[in-house]
Amino acid sequence: MSKAAELANLIGNINAGGGGVNRNVLVNGATNVSQRSVSSTGLGASAGYFTADRWKFQVANTAGRFTATQDSSVPTGKGFANSIKLACTTADTSLANTEQFIFQQKLEGQNVQGFAKGTSDAKPFALSFYVKGNANATYVVALYDEDNGRYVGKTFSVTTDWTRVEITFPADTTGTLDDDNASSLELWIWLHCGPTYKGGTLPLTWASYSNANAAEGGDSFFDSTSRTFFITGVQLEVGQNPTEFEHEPIERTLTKCHRYFHRIGDAKDGNGYSLLIGGYQGDAGDDYTSYYSFPVEMRAIPTSTVSGTWNTIRTSNIKTAYVTVQGCTLYGSITGAGSWYLHGDSADDHVSFDGEL
Amino acid sequence: MDIKSAKYVSFLGNDKAQIEAVIDDVTMNIPLDPANRHYAEILKQVKEGTLTIKDAD
(Lines give C-alpha, C1' and ligand atoms only; values in the text may rest on other atoms or scores of the structure.)
Protein backbone atom coordinates (compact mmCIF):
# COMPACT_ATOMS: atom_id res chain seq x y z
CA MET A 1 0.00 0.00 0.00
CA SER A 2 1.40 3.42 -0.92
CA LYS A 3 1.77 6.06 1.77
CA ALA A 4 -0.81 8.22 0.00
CA ALA A 5 -3.31 5.37 -0.07
CA GLU A 6 -2.56 4.56 3.56
CA LEU A 7 -3.19 8.16 4.57
CA ALA A 8 -6.39 8.29 2.54
CA ASN A 9 -7.62 5.11 4.25
CA LEU A 10 -6.83 6.48 7.69
CA ILE A 11 -8.56 9.79 6.98
CA GLY A 12 -11.54 7.92 5.58
CA ASN A 13 -11.76 5.84 8.75
CA ILE A 14 -11.39 8.87 11.02
CA ASN A 15 -14.25 10.48 9.12
CA ALA A 16 -16.24 7.29 9.68
CA GLY A 17 -15.58 7.39 13.42
CA GLY A 18 -12.54 5.11 13.59
CA GLY A 19 -8.82 5.52 13.02
CA GLY A 20 -6.24 6.74 15.54
CA VAL A 21 -4.58 4.58 18.18
CA ASN A 22 -6.17 1.57 19.83
CA ARG A 23 -8.19 1.07 16.68
CA ASN A 24 -7.80 -2.71 16.61
CA VAL A 25 -10.62 -4.24 18.66
CA LEU A 26 -9.01 -7.68 18.42
CA VAL A 27 -6.48 -8.68 21.08
CA ASN A 28 -3.13 -10.30 20.27
CA GLY A 29 -3.60 -9.83 16.54
CA ALA A 30 0.15 -10.19 16.04
CA THR A 31 0.04 -13.51 17.95
CA ASN A 32 2.96 -12.44 20.17
CA VAL A 33 1.48 -13.68 23.44
CA SER A 34 1.09 -17.41 24.09
CA GLN A 35 0.82 -17.82 27.85
CA ARG A 36 -0.60 -21.34 27.79
CA SER A 37 1.85 -22.93 25.36
CA VAL A 38 3.80 -22.08 22.23
CA SER A 39 2.92 -25.44 20.73
CA SER A 40 0.09 -27.88 21.26
CA THR A 41 -0.40 -31.21 19.49
CA GLY A 42 -3.31 -33.56 18.95
CA LEU A 43 -5.88 -30.77 18.89
CA GLY A 44 -9.32 -31.23 17.37
CA ALA A 45 -11.19 -33.36 19.88
CA SER A 46 -12.27 -30.49 22.09
CA ALA A 47 -12.84 -26.77 21.59
CA GLY A 48 -10.78 -24.30 23.59
CA TYR A 49 -7.80 -22.02 23.95
CA PHE A 50 -4.47 -23.81 23.59
CA THR A 51 -1.69 -21.59 22.20
CA ALA A 52 -1.87 -17.89 21.28
CA ASP A 53 -3.93 -15.94 23.78
CA ARG A 54 -7.50 -14.97 22.88
CA TRP A 55 -7.57 -17.19 19.78
CA LYS A 56 -10.01 -20.06 20.19
CA PHE A 57 -10.23 -23.26 18.20
CA GLN A 58 -13.93 -24.02 17.90
CA VAL A 59 -14.01 -27.68 16.91
CA ALA A 60 -16.88 -30.14 16.97
CA ASN A 61 -17.58 -33.68 15.80
CA THR A 62 -14.53 -34.03 13.57
CA ALA A 63 -11.91 -36.75 13.38
CA GLY A 64 -9.45 -34.22 12.01
CA ARG A 65 -6.50 -33.40 14.24
CA PHE A 66 -3.90 -30.66 14.08
CA THR A 67 -0.92 -29.06 15.75
CA ALA A 68 -0.97 -25.36 16.62
CA THR A 69 2.32 -23.51 17.01
CA GLN A 70 3.50 -19.99 17.63
CA ASP A 71 5.69 -19.82 14.53
CA SER A 72 8.43 -17.47 13.39
CA SER A 73 7.31 -17.43 9.74
CA VAL A 74 5.98 -13.92 9.06
CA PRO A 75 5.33 -11.63 6.11
CA THR A 76 8.53 -9.79 5.19
CA GLY A 77 8.99 -6.20 6.22
CA LYS A 78 5.77 -5.77 8.17
CA GLY A 79 7.25 -5.81 11.67
CA PHE A 80 5.86 -9.12 12.82
CA ALA A 81 7.80 -11.68 14.86
CA ASN A 82 5.18 -14.40 15.13
CA SER A 83 2.34 -16.13 13.39
CA ILE A 84 0.05 -18.96 14.34
CA LYS A 85 0.79 -22.08 12.35
CA LEU A 86 -1.82 -24.82 12.08
CA ALA A 87 -0.69 -28.15 10.63
CA CYS A 88 -3.11 -30.96 9.88
CA THR A 89 -1.92 -34.24 11.41
CA THR A 90 -5.03 -36.37 10.82
CA ALA A 91 -7.19 -35.75 7.78
CA ASP A 92 -10.97 -35.97 7.83
CA THR A 93 -12.60 -36.39 4.44
CA SER A 94 -15.64 -38.35 5.61
CA LEU A 95 -17.84 -35.51 6.72
CA ALA A 96 -20.52 -35.82 9.35
CA ASN A 97 -23.18 -33.13 9.20
CA THR A 98 -22.17 -30.91 12.08
CA GLU A 99 -18.39 -31.05 11.88
CA GLN A 100 -16.71 -27.74 12.64
CA PHE A 101 -13.27 -26.20 12.82
CA ILE A 102 -13.41 -22.44 13.27
CA PHE A 103 -10.49 -20.22 14.22
CA GLN A 104 -12.13 -17.45 16.17
CA GLN A 105 -11.92 -14.56 18.60
CA LYS A 106 -14.83 -13.44 20.76
CA LEU A 107 -15.17 -9.79 21.72
CA GLU A 108 -16.90 -8.24 24.70
CA GLY A 109 -19.87 -6.06 23.78
CA GLN A 110 -18.46 -3.11 25.70
CA ASN A 111 -15.35 -3.17 23.51
CA VAL A 112 -17.18 -2.99 20.18
CA GLN A 113 -19.64 -0.17 20.82
CA GLY A 114 -17.64 2.02 18.41
CA PHE A 115 -19.24 0.23 15.47
CA ALA A 116 -22.61 1.72 16.59
CA LYS A 117 -24.19 -1.47 15.30
CA GLY A 118 -27.95 -1.45 15.27
CA THR A 119 -28.21 2.33 15.02
CA SER A 120 -28.76 4.70 12.14
CA ASP A 121 -25.12 5.77 12.56
CA ALA A 122 -23.72 2.26 12.24
CA LYS A 123 -20.11 2.03 10.99
CA PRO A 124 -18.50 -0.48 8.63
CA PHE A 125 -16.10 -3.18 9.86
CA ALA A 126 -12.63 -3.07 8.27
CA LEU A 127 -10.82 -6.39 8.63
CA SER A 128 -7.29 -7.24 7.56
CA PHE A 129 -4.83 -10.06 8.14
CA TYR A 130 -1.94 -11.95 6.58
CA VAL A 131 -2.21 -15.63 5.64
CA LYS A 132 -0.34 -18.36 3.81
CA GLY A 133 -0.65 -22.12 3.41
CA ASN A 134 0.93 -25.19 1.86
CA ALA A 135 -1.16 -24.79 -1.30
CA ASN A 136 -3.93 -22.67 -2.74
CA ALA A 137 -7.13 -22.77 -0.74
CA THR A 138 -10.25 -20.73 -0.16
CA TYR A 139 -11.74 -20.21 3.27
CA VAL A 140 -14.64 -18.24 4.71
CA VAL A 141 -14.19 -15.39 7.19
CA ALA A 142 -17.22 -13.98 8.96
CA LEU A 143 -18.49 -11.76 11.72
CA TYR A 144 -21.15 -13.17 14.02
CA ASP A 145 -23.34 -10.91 16.16
CA GLU A 146 -24.07 -13.19 19.09
CA ASP A 147 -26.57 -10.81 20.69
CA ASN A 148 -28.88 -10.74 17.68
CA GLY A 149 -27.99 -13.87 15.70
CA ARG A 150 -26.79 -11.87 12.71
CA TYR A 151 -23.98 -12.79 10.35
CA VAL A 152 -21.91 -11.55 7.44
CA GLY A 153 -19.11 -13.33 5.59
CA LYS A 154 -16.77 -13.43 2.66
CA THR A 155 -14.35 -15.90 1.11
CA PHE A 156 -10.62 -15.25 0.91
CA SER A 157 -7.73 -16.97 -0.80
CA VAL A 158 -4.63 -18.56 0.66
CA THR A 159 -1.52 -19.25 -1.40
CA THR A 160 1.95 -20.56 -0.62
CA ASP A 161 3.17 -16.98 -0.11
CA TRP A 162 2.14 -14.54 2.58
CA THR A 163 -0.89 -12.62 1.32
CA ARG A 164 -2.59 -9.63 2.91
CA VAL A 165 -6.37 -10.00 3.02
CA GLU A 166 -8.46 -6.84 3.25
CA ILE A 167 -12.21 -7.04 3.67
CA THR A 168 -14.71 -4.37 4.58
CA PHE A 169 -17.96 -5.69 5.96
CA PRO A 170 -20.82 -3.21 5.66
CA ALA A 171 -22.40 -1.37 8.55
CA ASP A 172 -25.43 -2.98 10.14
CA THR A 173 -28.28 -0.76 11.28
CA THR A 174 -30.09 -3.75 12.77
CA GLY A 175 -29.32 -5.31 16.14
CA THR A 176 -27.48 -3.36 18.83
CA LEU A 177 -24.61 -4.98 20.66
CA ASP A 178 -25.02 -5.32 24.42
CA ASP A 179 -22.77 -2.95 26.36
CA ASP A 180 -21.45 -5.54 28.81
CA ASN A 181 -18.70 -8.11 29.43
CA ALA A 182 -20.36 -10.96 27.52
CA SER A 183 -19.47 -12.04 24.01
CA SER A 184 -21.23 -9.85 21.44
CA LEU A 185 -19.15 -9.86 18.27
CA GLU A 186 -17.11 -12.81 17.05
CA LEU A 187 -14.59 -13.16 14.24
CA TRP A 188 -14.83 -16.59 12.64
CA ILE A 189 -12.50 -18.17 10.10
CA TRP A 190 -14.03 -21.42 8.90
CA LEU A 191 -11.33 -23.99 8.21
CA HIS A 192 -13.53 -27.07 7.99
CA CYS A 193 -17.19 -27.98 8.25
CA GLY A 194 -19.79 -30.63 7.56
CA PRO A 195 -22.74 -30.32 5.13
CA THR A 196 -24.90 -28.62 7.78
CA TYR A 197 -22.97 -25.40 7.25
CA LYS A 198 -23.06 -25.39 3.43
CA GLY A 199 -25.58 -25.56 0.62
CA GLY A 200 -26.96 -22.03 0.86
CA THR A 201 -25.49 -18.66 -0.02
CA LEU A 202 -22.85 -16.91 2.05
CA PRO A 203 -24.38 -13.55 3.10
CA LEU A 204 -22.14 -10.70 1.94
CA THR A 205 -24.32 -8.21 3.81
CA TRP A 206 -25.65 -8.62 7.33
CA ALA A 207 -28.47 -11.15 7.64
CA SER A 208 -29.95 -13.51 10.17
CA TYR A 209 -27.59 -16.41 10.83
CA SER A 210 -28.39 -19.59 8.94
CA ASN A 211 -26.34 -22.78 9.24
CA ALA A 212 -26.66 -23.58 5.53
CA ASN A 213 -25.24 -20.20 4.57
CA ALA A 214 -22.47 -19.96 7.14
CA ALA A 215 -19.48 -21.56 5.40
CA GLU A 216 -20.57 -21.85 1.78
CA GLY A 217 -17.66 -21.59 -0.62
CA GLY A 218 -14.91 -22.64 1.76
CA ASP A 219 -12.42 -25.49 1.48
CA SER A 220 -11.44 -27.96 4.19
CA PHE A 221 -8.19 -27.67 6.14
CA PHE A 222 -8.60 -31.34 7.05
CA ASP A 223 -8.58 -32.58 3.44
CA SER A 224 -4.94 -33.67 3.66
CA THR A 225 -2.21 -34.12 6.25
CA SER A 226 -0.02 -31.84 4.14
CA ARG A 227 -2.35 -28.92 4.84
CA THR A 228 -1.01 -25.92 6.76
CA PHE A 229 -2.48 -22.52 7.59
CA PHE A 230 -0.51 -19.53 8.90
CA ILE A 231 -2.05 -16.28 10.10
CA THR A 232 -0.85 -13.07 11.76
CA GLY A 233 -1.52 -9.33 11.81
CA VAL A 234 -5.24 -9.70 12.35
CA GLN A 235 -6.98 -6.36 12.76
CA LEU A 236 -10.63 -5.35 12.97
CA GLU A 237 -11.37 -1.64 13.11
CA VAL A 238 -14.12 0.88 12.64
CA GLY A 239 -14.11 2.27 9.13
CA GLN A 240 -14.47 1.60 5.46
CA ASN A 241 -10.78 0.97 4.75
CA PRO A 242 -8.46 -1.54 6.44
CA THR A 243 -5.28 0.24 7.58
CA GLU A 244 -1.79 -1.04 8.29
CA PHE A 245 -1.58 -3.26 11.36
CA GLU A 246 -1.26 -1.25 14.57
CA HIS A 247 1.76 -2.67 16.39
CA GLU A 248 1.66 -2.06 20.14
CA PRO A 249 4.13 -2.50 23.03
CA ILE A 250 4.24 -6.03 24.38
CA GLU A 251 3.15 -4.93 27.86
CA ARG A 252 -0.06 -3.50 26.40
CA THR A 253 -0.88 -6.70 24.56
CA LEU A 254 0.01 -8.75 27.63
CA THR A 255 -2.19 -6.60 29.86
CA LYS A 256 -5.10 -6.98 27.46
CA CYS A 257 -4.57 -10.76 27.48
CA HIS A 258 -4.42 -10.84 31.29
CA ARG A 259 -8.03 -9.69 31.43
CA TYR A 260 -8.92 -13.11 29.98
CA PHE A 261 -6.14 -15.42 31.15
CA HIS A 262 -2.96 -15.38 33.13
CA ARG A 263 -1.00 -17.67 35.36
CA ILE A 264 1.49 -17.45 38.19
CA GLY A 265 4.36 -19.67 39.21
CA ASP A 266 5.90 -19.94 35.75
CA ALA A 267 8.60 -17.39 36.41
CA LYS A 268 11.33 -18.89 38.62
CA ASP A 269 14.09 -17.32 40.68
CA GLY A 270 17.79 -18.15 40.27
CA ASN A 271 17.28 -21.42 42.20
CA GLY A 272 14.33 -22.52 40.08
CA TYR A 273 11.75 -21.73 42.80
CA SER A 274 8.59 -19.66 42.71
CA LEU A 275 5.67 -18.48 44.77
CA LEU A 276 6.40 -19.59 48.32
CA ILE A 277 3.62 -19.34 50.88
CA GLY A 278 3.64 -20.70 54.41
CA GLY A 279 2.92 -20.13 58.08
CA TYR A 280 2.43 -21.82 61.42
CA GLN A 281 -0.64 -23.81 62.34
CA GLY A 282 -1.55 -25.29 65.73
CA ASP A 283 -3.54 -28.14 64.22
CA ALA A 284 -4.54 -29.69 60.92
CA GLY A 285 -6.84 -27.54 58.78
CA ASP A 286 -6.92 -24.93 56.07
CA ASP A 287 -4.60 -21.96 56.55
CA TYR A 288 -5.73 -18.98 54.49
CA THR A 289 -2.50 -17.03 54.43
CA SER A 290 -1.90 -15.14 51.22
CA TYR A 291 -3.85 -12.79 49.00
CA TYR A 292 -2.89 -12.61 45.36
CA SER A 293 -3.94 -9.50 43.45
CA PHE A 294 -4.46 -10.05 39.72
CA PRO A 295 -2.39 -7.89 37.35
CA VAL A 296 -5.60 -6.45 35.89
CA GLU A 297 -9.26 -6.84 36.71
CA MET A 298 -10.48 -9.89 34.84
CA ARG A 299 -13.49 -10.01 32.55
CA ALA A 300 -15.34 -12.46 34.81
CA ILE A 301 -14.53 -14.37 37.97
CA PRO A 302 -11.97 -16.81 36.58
CA THR A 303 -11.69 -20.55 36.77
CA SER A 304 -8.51 -21.40 38.68
CA THR A 305 -6.44 -24.47 37.88
CA VAL A 306 -3.45 -25.77 39.80
CA SER A 307 -0.86 -27.63 37.76
CA GLY A 308 2.15 -29.64 38.84
CA THR A 309 3.19 -31.24 42.09
CA TRP A 310 4.52 -28.47 44.28
CA ASN A 311 7.20 -28.81 46.92
CA THR A 312 5.23 -29.05 50.17
CA ILE A 313 6.05 -29.37 53.87
CA ARG A 314 3.14 -30.30 56.17
CA THR A 315 0.53 -29.15 53.66
CA SER A 316 -1.42 -30.06 50.55
CA ASN A 317 -0.66 -28.70 47.10
CA ILE A 318 -1.46 -25.00 46.67
CA LYS A 319 -5.19 -24.15 46.55
CA THR A 320 -7.32 -21.10 45.67
CA ALA A 321 -10.32 -19.67 47.48
CA TYR A 322 -12.46 -16.54 47.48
CA VAL A 323 -11.68 -15.89 43.84
CA THR A 324 -12.98 -12.59 42.49
CA VAL A 325 -12.28 -10.57 39.34
CA GLN A 326 -9.56 -8.76 41.30
CA GLY A 327 -7.69 -11.54 43.06
CA CYS A 328 -7.88 -14.58 45.29
CA THR A 329 -6.63 -16.24 48.44
CA LEU A 330 -3.86 -18.81 48.09
CA TYR A 331 -3.73 -21.43 50.81
CA GLY A 332 -2.80 -24.93 51.83
CA SER A 333 -4.61 -27.65 53.75
CA ILE A 334 -2.30 -28.24 56.68
CA THR A 335 -1.72 -31.84 57.72
CA GLY A 336 -0.57 -31.27 61.31
CA ALA A 337 0.70 -28.83 63.92
CA GLY A 338 3.83 -26.86 63.14
CA SER A 339 5.29 -24.64 60.50
CA TRP A 340 4.34 -25.33 56.90
CA TYR A 341 5.17 -24.04 53.47
CA LEU A 342 4.85 -24.80 49.81
CA HIS A 343 6.46 -23.48 46.65
CA GLY A 344 6.81 -24.26 42.99
CA ASP A 345 10.04 -25.95 42.00
CA SER A 346 9.50 -27.33 38.51
CA ALA A 347 8.50 -25.99 35.13
CA ASP A 348 4.95 -27.31 35.28
CA ASP A 349 4.14 -25.82 38.72
CA HIS A 350 1.73 -22.96 38.16
CA VAL A 351 -1.77 -21.68 38.87
CA SER A 352 -3.82 -20.40 35.96
CA PHE A 353 -6.81 -18.05 36.01
CA ASP A 354 -9.17 -18.29 33.06
CA GLY A 355 -11.88 -15.70 32.48
CA GLU A 356 -12.13 -16.25 28.73
CA LEU A 357 -15.25 -15.86 26.69
CA MET B 1 -16.42 -29.14 26.85
CA ASP B 2 -16.20 -32.67 28.24
CA ILE B 3 -17.24 -32.40 31.91
CA LYS B 4 -16.54 -35.70 33.65
CA SER B 5 -17.57 -34.64 37.16
CA ALA B 6 -18.59 -31.64 39.25
CA LYS B 7 -18.71 -31.24 43.01
CA TYR B 8 -19.36 -28.26 45.28
CA VAL B 9 -16.48 -27.14 47.51
CA SER B 10 -17.05 -25.81 51.01
CA PHE B 11 -15.21 -22.83 52.57
CA LEU B 12 -15.73 -21.64 56.16
CA GLY B 13 -19.25 -22.97 56.48
CA ASN B 14 -20.39 -22.16 52.94
CA ASP B 15 -21.21 -25.53 51.38
CA LYS B 16 -21.50 -24.08 47.88
CA ALA B 17 -18.50 -21.76 47.73
CA GLN B 18 -17.28 -22.98 44.33
CA ILE B 19 -17.26 -26.10 42.16
CA GLU B 20 -14.43 -28.51 41.58
CA ALA B 21 -14.90 -30.07 38.16
CA VAL B 22 -12.94 -32.29 35.82
CA ILE B 23 -13.20 -30.71 32.38
CA ASP B 24 -11.31 -32.08 29.39
CA ASP B 25 -9.38 -34.26 31.89
CA VAL B 26 -8.18 -31.25 33.91
CA THR B 27 -9.32 -30.55 37.49
CA MET B 28 -10.56 -26.95 37.73
CA ASN B 29 -11.98 -24.73 40.46
CA ILE B 30 -14.98 -22.94 39.06
CA PRO B 31 -16.70 -19.89 40.58
CA LEU B 32 -20.47 -19.61 40.69
CA ASP B 33 -20.43 -16.75 38.18
CA PRO B 34 -22.77 -17.11 35.19
CA ALA B 35 -20.30 -15.02 33.16
CA ASN B 36 -17.67 -17.73 33.67
CA ARG B 37 -17.76 -19.98 30.60
CA HIS B 38 -17.10 -23.17 32.58
CA TYR B 39 -19.89 -22.44 35.07
CA ALA B 40 -22.22 -21.48 32.21
CA GLU B 41 -21.54 -24.85 30.58
CA ILE B 42 -22.12 -26.67 33.87
CA LEU B 43 -25.47 -24.90 34.28
CA LYS B 44 -26.37 -25.82 30.70
CA GLN B 45 -25.56 -29.49 31.19
CA VAL B 46 -27.37 -29.60 34.54
CA LYS B 47 -30.45 -28.10 32.86
CA GLU B 48 -30.20 -30.68 30.06
CA GLY B 49 -30.02 -33.41 32.69
CA THR B 50 -26.63 -34.71 31.58
CA LEU B 51 -24.69 -33.53 34.64
CA THR B 52 -25.28 -33.50 38.39
CA ILE B 53 -23.28 -31.37 40.80
CA LYS B 54 -22.43 -33.45 43.85
CA ASP B 55 -22.60 -32.00 47.35
CA ALA B 56 -19.43 -30.88 49.08
CA ASP B 57 -17.58 -33.44 51.21
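**Figure 1. Salt bridge between A:R263 and A:D266 in the predicted model.** A:R263 is partly exposed, with a relative accessible area of 23%. Its partner in a salt bridge is A:D266, and the closest N and O atoms of the two are 2.5 Å apart. A:D266 is likewise partly exposed, at a relative accessible area of 32%. The structure, which is a predicted model, holds 17 salt bridges over all chains.

**Figure 2. Salt bridge between B:K44 and B:E48.** The closest N and O atoms of B:K44 and B:E48 lie 3.5 Å apart, and the two residues form a salt bridge. B:K44 has a relative accessible area of 42%, which makes this residue partly exposed. B:E48 also counts as partly exposed, with 48% relative accessibility.

**Figure 3. Charged network around A:K117.** A network of salt bridges links A:K117, A:D145, A:R150 and A:D172. A:D172 and A:K117 are both buried.

Figure 4. A:D145 belongs to strand β7 (residues 137–145) of chain A. Is A:D145 buried or exposed? A:D145 counts as buried because its relative accessibility is 0%, and the limit for buried is under 20%. The side chains of A:D145 and A:K117 are joined by a polar contact of 2.6 Å. Apart from neighbours within four places in sequence, the residues in contact with A:D145 are A:K117, A:R150, A:G175, A:L177, A:S184, A:L185 and A:W206.

**Figure 5. Aromatic pair A:F125 and A:W206.** Over all chains the structure contains 34 aromatic pairs. In one of them, A:F125 and A:W206 are tilted, with 5.5 Å centre to centre and 50 degrees between the planes. A:F125 lies in strand β6 (residues 125–133) of chain A and A:W206 in the loop between β10 (183–193) and β11 (207–208) of chain A, so the pair ties together parts that are 81 residues apart in sequence. Both A:F125 and A:W206 are buried.

**Figure 6. Cluster of aromatic rings in chain A.** Ring pairs join A:F50, A:W55, A:F57, A:F66, A:F101, A:F103, A:F221 and A:F222 into a cluster.

**Figure 7. Contact of chain A with chain B.** Chain A contributes 20 residues to the contact and chain B contributes 15 residues. About 1,400 Å² is buried between chain A and chain B, and carbon and sulfur atoms give 45% of this area. A:I301, A:T303 and A:Y322 supply 33% of the area that chain A buries against chain B, more than any other three residues. Eight residue pairs are in polar contact across the interface of chain A and chain B. On the side of chain A that touches chain B, β16 (303–307) and β18 (319–321) each supply at least two residues. β16(A) gives the most to that side, with three residues. The residues on this side of chain A comprise 11 nonpolar, six polar and three charged.

**Figure 8. Salt bridge and ring pair between the chains.** The count of salt bridges between chain A and chain B is one. A:D354 and B:R37 form a salt bridge, their closest N and O atoms being 2.6 Å apart. A:Y322 and B:F11 form a tilted aromatic pair, 5.5 Å centre to centre and with 35 degrees between the planes. A:Y322 is partly exposed, with a relative accessible area of 38%, whereas B:F11 is buried, at 4%.

**Figure 9. Helix α1 of chain B and its cover.** In helix α1 (residues 37–47) of chain B, the buried residues are B:R37, B:H38, B:Y39, B:E41, B:I42 and B:Q45. Elements that cover these buried residues include β16 and β21 (350–354) of chain A, together with β1, β2 (14–23) and β3 (26–30) of chain B. At the start of α1(B), a side-chain oxygen of B:N36 comes to within 2.8 Å of the backbone nitrogen of B:H38. B:G49 follows α1(B) and has a positive phi, near 80 degrees.

Notes:
Residues are numbered from 1 along each chain as its sequence is written. Chains are lettered from A and ligands numbered from 1 in the order in which they are written. This is a predicted model: local features need pLDDT of at least 70, side-chain atom pairs count only at pLDDT 80 or more; totals for chains, interfaces and linings use all residues. Side-chain values use heavy atoms; hydrogens and water are left out. Contact means heavy atoms within 4.5 Å. Buried area is the accessible area (1.4 Å probe) that two parts lose on being put together, summed over both. A salt bridge is a side-chain nitrogen of Lys or Arg within 4 Å of a carboxyl oxygen of Asp or Glu. A polar contact is a pair of N or O atoms within 3.5 Å; within protein, one must be able to donate a hydrogen and the other to accept it, and residues adjacent in sequence count only if both atoms are side-chain atoms. Helices (H or I, at least four residues) and strands (E, at least two) are DSSP runs, numbered from the N terminus. Ala, Val, Leu, Ile, Met, Phe, Trp, Tyr, Cys and Pro count as nonpolar, Asp, Glu, Lys and Arg as charged, and the others, Gly among them, as polar. Buried means under 20% relative accessible area, exposed over 50%, partly exposed in between (1.4 Å probe, protein chains only). Rings of Phe, Tyr and Trp (its six-membered ring) pair if their centres lie within 6.5 Å; planes under 30 degrees apart count as stacked, over 60 as edge-to-face and the rest as tilted.
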